[in-house]
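Hello,

Here is the structure I promised to pass on to you. Please have a look at it first, and then read my notes below.

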Amino acid sequence: MLEADNLLVRRGQRTVLANIDIQLPPGQVLGVLGPNGAGKSTLLAALCGELPITEGNVSLDQRKLADWPGQERAKRLAVLPQSSSLNFAFSVNEVVGMGRLPHASGRVRDAEIVSEALAAADALHLAQRSYLALSGGERQRVHLARVLAQLWPGAEGQTLLLDEPTSMLDPLHQHTILQAVRDFAERGAAVMVILHDLNLAARYCDQLLLLQDGLPHAYGPPSEVLTADALAAVYGLQVLIHQHPERGHPLIIAR
Amino acid sequence: MRKKILLACAGLLFSQLASASDALPQRWVSAGGAFSEWVVALGGESKLVGVDSTSQYPRSLHSLPGIGYQRALAAEGILALRPDILVGSSEMGPPPVLEQLKASGVRIELLSAKADVPALQQNLTTLGQLLGQQNQAQALLSNYQQRLQQQAAVVKQARQQHPAPRVLLLLSHSGGNLQVAGKDTLAAWMIEQAGGQSLGEHTGYKPVSSEAMLALDPQVILLAGSRLQGDAARNALLEQNPVLAQTQAGRDGRVLVIDPTLLVGGLGPRVPDTLATLTAAFYPHAKTLSAEAGQ
Amino acid sequence: MTAIVRPRPMLLALGLVLVLVVWLSLALGPVSLPLGETLKAGLRLIGLPLEGDATQQADLILGQIRMPRTLLGIAVGAVLALSGVAMQGLFRNPLADPGLVGVSGGAALGAAIAIVGGSLVGGLPAAIEPYVLSVCAFAGGLIVTAIVYRFGRSNGQTNVATMLLAGVAMTAMAGAGVGLFTYLADDATLRTLTFWNLGSLNGASYQRLWPLLIVAVAVALWLPRRAAALNALLLGESEARHLGFDVERIKLELVLCTALGVGAAVAAAGLIGFIGLVVPHLMRLLVGPDHRVLLPASLLAGAGLLLLADLIARLLLAPAELPIGIVTALIGAPFFLFLLVRGRT
């Protein structure tokens with residue numbers, strides 16, 4: 001399990017993240033919300049060791065993250081960044097196949113997993129195409145398939161961190177992707193996902209962390225975190241909170 | 001009967017001569033402009049099978065296969081010419097190529113590229129032996145020395161009446177900037193021998209700023225490397241370098257064209273003629289040797 | 001489809017082409033040896049006692065002149081191409097070239113110091129003279145690369161963008177140094193320096209060859225083992241880290257590999273451009289960017305291309321030789337323009 005203990009991150013003189021105490025228990029999806037500059041990406045970077053922490057501790061299975069050897073860690077922790085700078089004409093199969101590099105599962109099994117991961121990300125039809133010929137949304141789904149393949153099929157003890165995986169997707173795919181992420185969690189993996197869309201967060205996340213200026217404003221289930229007062233305070237947005245008629249989760253409507 | 005004996009003796013002599021010349025190298029490759037000129041002067045042009053990039057004179061050498069720059073020789077290329085001997089200075093290289101040539105049976109004869117008479121003597125003697133023209137080599141050498149002595153005498157006499165003119169030698173590389181000959185060059189040696197005062201204080205050929213050239217104020221300018229001749233060359237030089245037109249040489253129009261192939265590789269056969277021409281130019285009012293006098 | 005051809009047949013084809021070019025390199029030259037003599041000389045080299053008509057000459061031409069030259073060409077071509085792949089992976093840019101980390105500039109400076117410095121000092125003792133140039137060029141390449149790498153390091157991390165800029169700056173400084181020595185040189189030395197800057201396989205001998213061969217073999221064995229890491233690196237540094245690779249160590253290894261390989265190649269044969277840029281690029285178009293295929297393909301193609309260029313260099317103006325750097329530039333530059341026009345970069 002990935003845990004953050006009393007996290008404090010400073011950049012120069014500025015404190016960009018403070019008082020963060022969170023856990024990512026297996027089978028749960030944690031959504032991270034907040035306005036731009038609230039520290040969401042900083043949190044994700046700190047949790048996966050990309051950003052040096054000023055104070056506090058990040059540990060995976062009770063062991064400091066920095067103490068984990070690279071390959072072992074890669075079998076347990078996968079990270080999907082916000083954007084990719086891949087500039088070479090790999091095929092989609094090859095890109096997703098890189099997710100299998102930490103494993104020694106053999107070519108045949110790897111090929112199966114790649115196909116299954118692509119199917120989960122609704123990108124199987126792109127398998128033979130060149131990565132550079134894809135649109136932004138298609139590329140995003142390919143990278144999601146890659147990190148899914150890295151942890152496939154998803155089990156307890158594995159953690160997936162996603163930075164805005166739906167930013168370039170059309171409405172249908174926004175849902176398919178997040179459903180795939182939920183399915184992953186159902187199989188036991190822990191997931192943390194940064195989202196901008198409040199309704200998507202309300203629907204697909206078990207817990208929410210609302211950040212403001214680097215500090216946690218609220219932490220709990222969606223129904224508790226997504227209140228009109230909290231959203232007005234953090235986003236400066238006036239909203240109405242209704243309940244989704246079929247599913248029951250909060251539905252946020254801007255006034 | 002007598003005829004037969006005579007014929008037999010003649011035949012013997014002939015075969016001796018033939019075998020003697022068989023011992024001499026027949027196929028020559030020359031790496032050095034001056035050396036090639038001397039080989040030609042000693043009657044060996046028919047034996048030359050290849051020359052380097054500095055062997056530009058006489059013009060007939062252009063028709064021979066070129067072996068490139070003397071410091072970047074190609075072993076296999078030279079071997080393809082099936083030479084018996086390679087003459088050149090110690091500048092030849094790269095060393096592994098020379099080793100490969102030696103191993104293949106090519107004789108490598110190192111001559112001196114220094115610009116002085118003892119070196120010339122050494123070179124001519126060696127070349128004379130190798131070409132079987134010892135007598136002619138001696139003759140060329142004594143003539144050369146004699147002419148140099150005459151040259152010195154003429155200069156001494158002219159100097160009594162006129163001071164040595166300040167001379168700059170400019171080397172122009174097709175369109176590039178002009179370089180001035182420094183104090184250790186063959187050009188400087190020739191200027192001094194011809195009774196001039198070479199103005200380059202540096203070593204080798206270096207670019208000198210226009211201002212510095214104006215300060216040096218040469219009385220005579222020697223121009224090497226120009227494609228033009230005579231008046232056309234002078235006009236082109238002064239047009240492209242207006243600062244030079246302000247020097248005494250420019251104002252008096254005393255600009256001479258000199259063949260750049262004379263300036264590399266040691267003393268060549270044309271040097272005495274050139275010295276005579278230069279002296280005539282340096283001391284136009286004095287009585288000097290003409291280029292035709294003295295053989 | 002990303003790769004135009006399937007990898008295994010392509011590698012086989014490249015291997016066959018290389019064998020053919022090696023054969024041509026041994027069989028052709030300014031001295032026209034009948035094919036039979038070349039064959040016999042070749043067999044004699046590996047120990048079979050066969051007599052021929054021109055035994056001694058054939059032995060000399062083949063064994064002492066063409067064989068070391070061919071081996072040098074293979075080693076230099078392979079190392080330059082592999083280093084090109086390494087640098088294009090390090091900078092994640094298909095336009096990268098081994099010279100970007102400063103190794104070529106540094107080697108040129110080292111050579112200038114050796115050539116001009118040697119003549120300024122009045123000549124070096126004959127025993128060490130042949131080695132001074134190579135050693136200085138190699139050392140120059142390593143030192144400048146080390147400086148560039150050091151500039152790229154901060155807080156235990158190597159910043160590739162900073163390294164790129166430092167490489168540009170150090171190459172410029174090395175160029176200034178070379179310029180200074182050019183000014184100090186006398187005419188003969190100047191021409192030597194100029195020719196060195198154009199590169200040549202001339203004068204190859206077994207004695208001077210073996211240091212480069214050792215380095216070339218080391219690089220050729222070692223880089224392909226990093227193929228998976230190089231693939232991951234192309235995704236991005238943090239992505240590669242998350243896939244479990246020690247990215248800092250890989251970057252150091254890539255820089256070291258380039259510095260040693262290119263340094264040794266330049267020390268042995270002077271500056272030869274375009275192989276490190278053009279060969280990986282061309283191979284990527286043919287076999288795709290997967291380093292597991294790209295590395296061996298570039299090795300074979302680099303060696304073959306350089307040998308071909310050398311053939312042209314020594315046959316075109318025989319008995320003189322064209323510096324090989326000119327030929328590779330004449331092949332490389334138009335090809336690059338062609339790529340630009342096709343819009344593949």
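One thing to keep in mind from the start is that this is a predicted model.

I began with chains A and C. Here 23 residues of chain A are in contact with 20 residues of chain C. On the chain A side, helix H2 (70–76) and strand S6 (77–80) are the elements that give two or more residues. H2(A) gives the most to that side, with 4 residues. Sorted by class, the side of chain A that touches chain C has 12 nonpolar, 8 polar and 3 charged residues.

Next come chains B and C, where 27 residues of chain B are in contact with 24 residues of chain C. Helix H3 (75–79) and helix H4 (95–103) of chain B each supply at least two residues of the side that touches chain C. By class, this side of chain B has 16 nonpolar, 8 polar and 3 charged residues.

How do the pairs fit together? Of the 2 pairs of chains in contact, chains B and C share the most contacts. Chains A and B, on the other hand, are joined by no contact, and their closest C-alpha atoms lie 42 Å apart.

An unreviewed UniProt entry lists residues 2–238 of chain A as "domain: ABC transporter".

Enjoy exploring it, and do write back with any questions.

Best wishes

Key
Residues are numbered from 1 along each chain as its sequence is written. Chains are lettered from A and ligands numbered from 1 in the order in which they are written. This is a predicted model: local features need pLDDT of at least 70, side-chain atom pairs count only at pLDDT 80 or more; totals for chains, interfaces and linings use all residues. Two residues are in contact if their C-beta atoms, placed from the backbone, lie within 7 Å. Ala, Val, Leu, Ile, Met, Phe, Trp, Tyr, Cys and Pro count as nonpolar, Asp, Glu, Lys and Arg as charged, and the others, Gly among them, as polar. UniProt positions are given in the numbering used here, feature names are shortened, and annotations may be inferred rather than shown by experiment.
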